[in-house]
Amino acid sequence: TTNFVAKGTEIIKQAVQKDNAEEYEAALSLYSQGIQYLMTGLKYEKNQKVVGAIKEKVQKYLKRAEDIKTSIEEPPKKTKKKKVKAKSGGGGGSKDGDSDDENKEEDEDTAKMKGALSSAIVMETPNIKWDDVAGLETAKQLLKEAVILPIKFPQLFQ
């Protein structure tokens, strides 16, 4: 546990330094690596207080990594925020107000979900083989059956 958390913390410190130096691409890569180490460390941590603290930090680092990724991919735009914000003004019928609130809430939820999913999607192909993952044989087998085989042999899963 300590090795993963310690290694993740070291990498995150480097990411913060790169972030402060405005080397955003390097910072994003380091944040991703550090978060992966911290998440691995979480699996082995028994102390719930430590788990809670690590999860809180991981959330902050994920948010920062998403912000960096967004700013690298596209310049900041005001239009997205306008779409999410509620319109000000008096009310017509209560039905219209309710549907506006529902749309606003749905837009906010959709924006949050898109942000969370975009950080979870791996854009580059990692150079990791099944043998590199120690243990977890059942999990590896289930992954192969549920994900790998349907992609390799789609005709068998129709």
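**Notebook: surface patch, aromatic pairs, core**

I began at the surface and found a nonpolar patch formed by Trp130, Leu143, Val147 and Ile151, with about 370 Å² of accessible area together. This is a predicted model: local features need pLDDT of at least 70, side-chain atom pairs count only at pLDDT 80 or more, and totals for chains, interfaces and linings use all residues. Residues are numbered from 1 along each chain as its sequence is written, and side-chain values use heavy atoms, with hydrogens and water left out.

My patch rule takes residues with over 30% relative accessible area and no salt bridge; it joins like charges within 9 Å and nonpolar side chains (Val, Leu, Ile, Met, Phe, Trp, Tyr) within 5 Å. A salt bridge here is a side-chain nitrogen of Lys or Arg within 4 Å of a carboxyl oxygen of Asp or Glu. Areas come from the Shrake-Rupley method with a 1.4 Å probe, and for residues only the protein chains shown count as cover.

I then placed Trp130. It sits in the loop between α5 (94–120) and α6 (137–152). Trp130 counts as partly exposed because its relative accessibility is 33%. The classes are buried under 20% relative accessible area, exposed over 50%, and partly exposed in between (1.4 Å probe, protein chains only).

**Overall layout**

I counted six helices and zero strands. Along the sequence the pattern reads α-α-α-α-α-α. Helices (H or I, at least four residues) and strands (E, at least two) are DSSP runs, numbered from the N terminus. The chain has 158 residues, and buried ones make up 15% of them. Its accessible surface comes to about 12,900 Å², with 54% belonging to carbon and sulfur atoms.

I also checked contacts (heavy atoms within 4.5 Å). Among those with a separation of 6 or more, 54% join residues 24 or more positions apart.

**Aromatic pairs**

I searched the whole structure and got three aromatic pairs. One of them, Phe4 with Tyr44, is stacked, at 5.9 Å centre to centre and 15° between the planes. Phe4 is in helix α1 (residues 2–20) and Tyr44 in helix α2 (residues 24–44), so the pair links distant parts of the chain, 40 residues apart. Rings of Phe, Tyr and Trp (its six-membered ring) pair if their centres lie within 6.5 Å; planes under 30 degrees apart are stacked, over 60 edge-to-face, the rest tilted.

Phe4 is partly exposed because its relative accessibility is 31%. Tyr44 is partly exposed too, at 44%. Phe4, Tyr37 and Tyr44 form one aromatic cluster.

**Nonpolar core**

I looked up the largest nonpolar core and found 16 residues; Ile12, Tyr31, Leu38, Ile54, Val58 and Ile68 have the most contacts inside it. α1, α2 and α3 (48–73) each supply at least two of its residues. α2 gives the largest share, seven residues. The core is a set of buried Ala, Val, Leu, Ile, Met, Phe, Trp, Tyr and Cys residues joined through side-chain atoms within 4.5 Å.

I followed Leu38. Beyond its neighbours within four places in sequence, Leu38 contacts Phe4, Val5, Gly8, Thr9, Ile12, Ile54, Val58 and Tyr61.

I checked Asp19 in helix α1. Asp19 is buried because its relative accessible area is 10%. Not counting residues up to four places away, Asp19 touches Tyr24, Ala27, Tyr31, Arg64 and Ile68.

Glu22 is found in the loop between α1 and α2. Its phi is near 60°, a positive value in a residue other than glycine. Glu22 is exposed because its relative accessible area is 56%.
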